[in-house]
Amino acid sequence: MISSKSKGDEKMISLLFGAGASFGAELHKPVPPLGNYLFDKLVELGGAFSELPDDINQEFRLHGFEKGMLSIPNDSRVINPLQKEIAKYLSSFKPSNENAYVRLFRSLREYAKHVNVITLNYDLLIEHAMLMSGAQKVSYGLNANEQNYSVLKVHGSANFVPVLAPNVIFEGNVSIDCGAFIETNQIRSLNSHEEIIKWCDSRQNSDLSPIMCMYNKEKRVVINPKYLESKRKDYADVISNTKTLIIVGVKYIAHDNHIWDVILDSAPELIIVDPYPSEEFLMLLQQRNITHTLMRDSFYKSVLKLSLYIRSRVKIYPQI
């Protein structure tokens, strides 16, 4: 379910998850790799990434995933297959019962309506975990209650796809040096990895890809950019009204100003879960006198502390 309604300003506590959260959510089960290892995993699939020319391959290997993606030609025939491959790969991961997301959402079920859940990730681990934790359904936005959880996905998702008019086959369309390849009036969310594969492999969607930012410095959106622009605005509104922000596994990168500027300007109380935190970010917090607590541990090991902390804050803040 895609929700266009935002109620994040009614909640004082927000959770912001990044790639480090999904990576650190399990002990004995495969997890989505961090950026430095993602390229090799995608190449191993033997698909679009494995077919990139040698010069671009070298960009990925020498300079990392973000700079590698910046070297990709602005051509829909190249970008769409890569975006589809990322979506299919990242949506393949499913949480175990001991997954950190599952344990956290299970412990906070009665508090779900008091907490905004935000992620920068494309994977579906949060959605699976919410359903495994007792939610009847998961919506995309900020409309959680005891039965229905919700998550705001700022950079898009492996299962977000554009809705075309009935019987339209978007085939044979080539976009070169364009800002966006297509903008539709509606989007929908697919429910599973299998549905994502079916959608990506369908002839009807041969010139499309899921709605996700490109994994690079520019965070470019080639499919339905207006939708993700609205999610960025929702994110800024939510953070601006947050009293306590819990940041789990989000790497501080200064050029991601759409994420960090609103945090630094709003200056909520911060709880940072990161075994390898950015010293640059910690220095910024000190310079701005922003109250913060650092948990130098993995997400998996921090669940109990986070649960207790959120419970204590829900009792302190008046609820609307």
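1. Strands here are DSSP E runs of at least two residues, and helices are H or I runs of at least four, numbered from the N terminus.

2. Before going on, a word on the model: it is predicted, with local features needing pLDDT of at least 70 and side-chain atom pairs counting only at pLDDT 80 or more, while totals for chains, interfaces and linings use all residues. Residues are numbered from 1 along each chain as its sequence is written, and side-chain values use heavy atoms, leaving out hydrogens and water.

3. Which residues cover the two sides of β2? I13, L15 and F17 lie on one side, S14 and L16 on the other, and all are buried. In a regular strand, side chains alternate between the two faces of the sheet.

4. β2 has parallel pairing (at least two DSSP bridges) with β3 (residues 115–119) over five bridges, and F17 sits opposite T119 there. Five bridges also join β2 to β8 (residues 244–248), again running parallel; I247 in β8 is the bridge partner of L16.

5. Now the helices: α6 (residues 100–107) and α7 (residues 125–132) pack at about 45°, axes 8 Å apart. The crossing is right-handed. In contact (heavy atoms within 4.5 Å) are Y101, V102, F105 and R106 of α6 with α7 residues including L125, I126 and M130.

Note on methods. Axes fitted to C-alpha atoms, helices over the stretch in contact; angles between N-to-C directions. Left-handed = near helix turned anticlockwise from the far one by under 90°. Buried < 20%, exposed > 50% of the residue type's maximum accessible area, 1.4 Å probe, protein only.
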